[in-house]
Amino acid sequence: TNDASLTALSTLGLAACLALAEAPRARAAVGAGLIAGAAAAVKYSGALLAVPIAVGQVVATVARPGPRAARMLLLGLLGAAAAMTAAYLAGNPYTLLDRELFIEDVLALVGRGQRGYKGQILDPSGGWVFFLRVLARGLGWPLLVLVLAGLVRALLRPSRADLVLAAYVLAVYAFHARQLMFFARFLLPAVPALLVLAARLA
């Protein structure tokens, strides 16, 4: 499925976001935006990479206050947004070439999210619980405990890298968990970030 490609691009995108968080250069913001746009072209939920891009740009700016900080923040965000839009349209030009079909397809996806796939709901407990069960089965309980502990530590004593990774994990989880159409593969793009957060416990 396209979730495998999305996971690869999301991992590259997060690496770019981490670089951006450490050094808020325009080139880093544009690079992260290009990867995010490519991810969104592969699957619309790839646009969630906009969250760690924004977080990376903000935390880097806060760490380097100065008279030009606000200007650099704005330029970085605008550069990333422009690059993301350009890369998305390059990979999915029919967004503009056939706008009516694009809107129809997006509305159909939204409808599935609200009603479940063909009206079926895989887990009556909902996505919030379903995805935790998926992680428990896929990672095993010992690793799941480490992953959750790493996420909690990242939120309580965050570094810039922690904030970028945690922001993406929570964005992916919240976006998919609130819908009624959910499959285990939807969480794949967040798994590399979760494993890094677990490893940072050491």
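1. Let's start with the largest nonpolar core, which has 43 residues. Leu14, Ile53, Phe131 and Val169 are the ones with the most contacts inside it. A nonpolar core here is a set of buried Ala, Val, Leu, Ile, Met, Phe, Trp, Tyr and Cys residues joined through side-chain atoms within 4.5 Å. Buried means under 20% relative accessible area, exposed means over 50%, and partly exposed is in between (1.4 Å probe, protein chains only). The elements giving two or more residues to this core are H1, helix H2 (26-42), H3, helix H4 (69-91), helix H7 (127-139), helix H8 (141-156), H9 and helix H10 (191-199). H9 provides the largest share of this core, eight residues. As general background, nonpolar side chains tend to be buried together in soluble globular proteins.

2. A word on the model before going on. This is a predicted model, in which local features need pLDDT of at least 70 and side-chain atom pairs count only at pLDDT 80 or more, while totals for chains, interfaces and linings use all residues. Residues are numbered from 1 along each chain as its sequence is written, and side-chain values use heavy atoms, with hydrogens and water left out. The helices (H or I, at least four residues) and strands (E, at least two) are DSSP runs, numbered from the N terminus.

3. Which residues does Phe131 touch, not counting residues up to four places away in sequence? They are Tyr173, His176, Ala177, Phe182, Phe183, Phe186 and Leu187. Contact means heavy atoms within 4.5 Å.

4. Now look at Gln57, which is found in helix H3 (residues 50-63). Is Gln57 buried or exposed? Gln57 is buried, at a relative accessible area of 2%. Its contacts, leaving aside neighbours within four places in sequence, are Leu20, Pro24, Ala29, Met72, Leu73, Gly76 and Leu77.

5. Ala190 counts as buried, with 1% relative accessibility. Beyond its neighbours within four places in sequence, Ala190 is in contact with Tyr168, Val169 and Val172. Ala190 and Ala8 are 182 residues apart along the chain, and their C-alpha atoms are separated by 11 Å.

6. Next, the charged pairs. In general, side chains of opposite charge can pair when their charged atoms come close. A salt bridge is a side-chain nitrogen of Lys or Arg within 4 Å of a carboxyl oxygen of Asp or Glu, and by this rule the count comes to five. In one of them, the side chains of Asp3 and Lys43 meet at 2.6 Å, N to O. Asp3 lies in helix H1 and Lys43 in the loop between H2 and H3, so this pair ties together parts that are 40 residues apart in sequence. Asp3 is buried at 0%, and Lys43 also counts as buried at 17% relative accessibility.

7. Asp3 has another partner: its side chain forms a salt bridge with Arg185 (2.7 Å, N to O). Arg185 is in the loop between H9 and H10 and Asp3 is in helix H1, so the pair ties together parts that are 182 residues apart in sequence. Arg185 counts as partly exposed, at 33% relative accessibility.

8. Arg153 and Asp162 also meet in a salt bridge, 2.8 Å from N to O. Arg153 counts as buried at 14% relative accessibility, and Asp162 is buried at 1%. Through salt bridges that share partners, Asp3, Lys43 and Arg185 are joined into one network.

9. On a 1 Å grid over the protein atoms alone, a cavity is a set of points where a 1.4 Å probe fits but cannot get out, and a pocket is an open set with protein on both sides within 12 Å along at least five of seven lines; lining residues have an atom within 4 Å of a point. Grid points are joined across faces, edges and corners, and a volume is the space filled by probe spheres set on the points. The largest pocket holds about 530 Å³. It is lined by 20 residues, and Leu109, Phe175, His176, Gln179 and Met181 are the closest to its centre. H6 gives the most to this lining, six residues.

10. How many cavities of 30 Å³ or more does a search of the whole structure find? The search finds one, and about 40 Å³ of space lies in the largest cavity. Its lining includes Leu6, Ser10, Tyr168 and Phe186. H9 supplies the largest share of that lining, three residues.
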